[in-house]
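Welcome! Please take a look at the sequence and the model below, and keep them beside you as you read.

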Amino acid sequence: MGAGDRRRDGGRPGPVTRDDGLDVEGLQRRLASFAAARGWEPYHTPKNLAVALSVEAAELVEIFQWLTPEESARVMDAAEAAHRVRDEVADVLAYLLQFCEVLGIDALQALSEKIDRNEIRFPPK
């Protein structure tokens, strides 16, 4: 989404929904309900969520740590490795979405705005 794709009224666009019904806001609600049912909300502070996000990102990196570039490009070909990668991606995304929810950040809008700035900072050659 570029600068011209934003709503003219300045409001947030509606939820991005896939054909299977998944959307960011719905996943954030599920994560919040999951945490609430277990009494975890007091621990879901911005600091704790940022730390957890970093740990999960490191676990994703660990999968690739000693692979050659060629091996890393084929990591999804092996069922066990692919499962581990998907699980770590899910963990990273879960903590990122929870972090955004706690701080009131619209992750998709933040990304769109960052791409807009980068298009200016790094023009095509």
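Predicted model: local features only at pLDDT ≥ 70, side-chain atom pairs only at ≥ 80, totals over all residues.

Residues are numbered from 1 along each chain as its sequence is written, and side-chain values use heavy atoms, with hydrogens and water left out.

**The whole chain**

- The chain has five helices and zero strands; here helices (H or I, at least four residues) and strands (E, at least two) are DSSP runs, numbered from the N terminus.
- Reading along the sequence gives the pattern α-α-α-α-α.
- Of the chain's 125 residues, 18% count as buried; buried means under 20% relative accessible area, exposed means over 50%, and partly exposed lies in between (1.4 Å probe, protein chains only).
- Among contacts with a separation of 6 or more, 61% come from residues 24 or more positions apart, where contact means heavy atoms within 4.5 Å.

**Helix 2**

- Helix 2 (residues 46-64) has 19 residues and reaches 28 Å from its first C-alpha to its last, close to the 27 Å expected at 1.5 Å a residue; the expected span is 1.5 Å times one less than the number of residues.
- Its buried residues are Leu49, Ala52, Leu53, Glu56 and Ile63.
- As a general rule, an α-helix has 3.6 residues a turn, so residues three or four places apart point the same way.
- On the other side of helix 2, you will find Lys47, Val61 and Glu62 exposed.
- The buried residues of helix 2 pack against helix 4.

**Helix 4 and its surroundings**

- Helix 4 (residues 79-103) has 25 residues and reaches 36 Å from its first C-alpha to its last, close to the 36 Å expected at 1.5 Å a residue.
- Its buried residues include Ala81, Val85, Glu88 and Val92.
- Helix 1, helix 2 and helix 5 are included in what covers the buried residues of helix 4.
- Just after helix 4, Gly104 takes a positive phi of about 70°.

**Helix 1 against helix 4**

- Two packed helices are described by the angle between their axes and the distance between the axes.
- Helix 1 (residues 24-37) packs with helix 4 at an angle of about 90°, and their axes are 10 Å apart; axes are lines fitted to C-alpha atoms, for helices over the stretch in contact, and angles run from 0 to 180 degrees between N-to-C directions.
- The two helices are therefore roughly perpendicular to each other, a word used for angles of 65 to 115 degrees.
- Val24, Leu27, Gln28 and Leu31 in helix 1 meet Ala94, Leu97, Gln98, Cys100 and Glu101 in helix 4.
- By class, this contact has six nonpolar, two polar and one charged residues; Ala, Val, Leu, Ile, Met, Phe, Trp, Tyr, Cys and Pro count as nonpolar, Asp, Glu, Lys and Arg as charged, and the others, Gly among them, as polar.

**A closer look at Gln98**

- Is Gln98 buried or exposed? Gln98 is buried, with a relative accessible area of 11%.
- Leaving aside neighbours within four places in sequence, Gln98 is in contact with Leu31, His44 and Leu49.
- Ala50 is 48 residues from Gln98 in sequence and 9.5 Å from it in space, C-alpha to C-alpha.
- Ala50 counts as partly exposed, at 34% relative accessibility.

**Helix 5**

- In helix 5 (residues 107-121), Gln109, Ser112 and Asp116 are buried.
- These three cover an arc of only 65° around the axis, which puts them on the same side of helix 5.

Note on methods
Parallel < 35°, antiparallel > 145°, perpendicular 65-115°, else oblique. Arc of directions from axis to C-beta.
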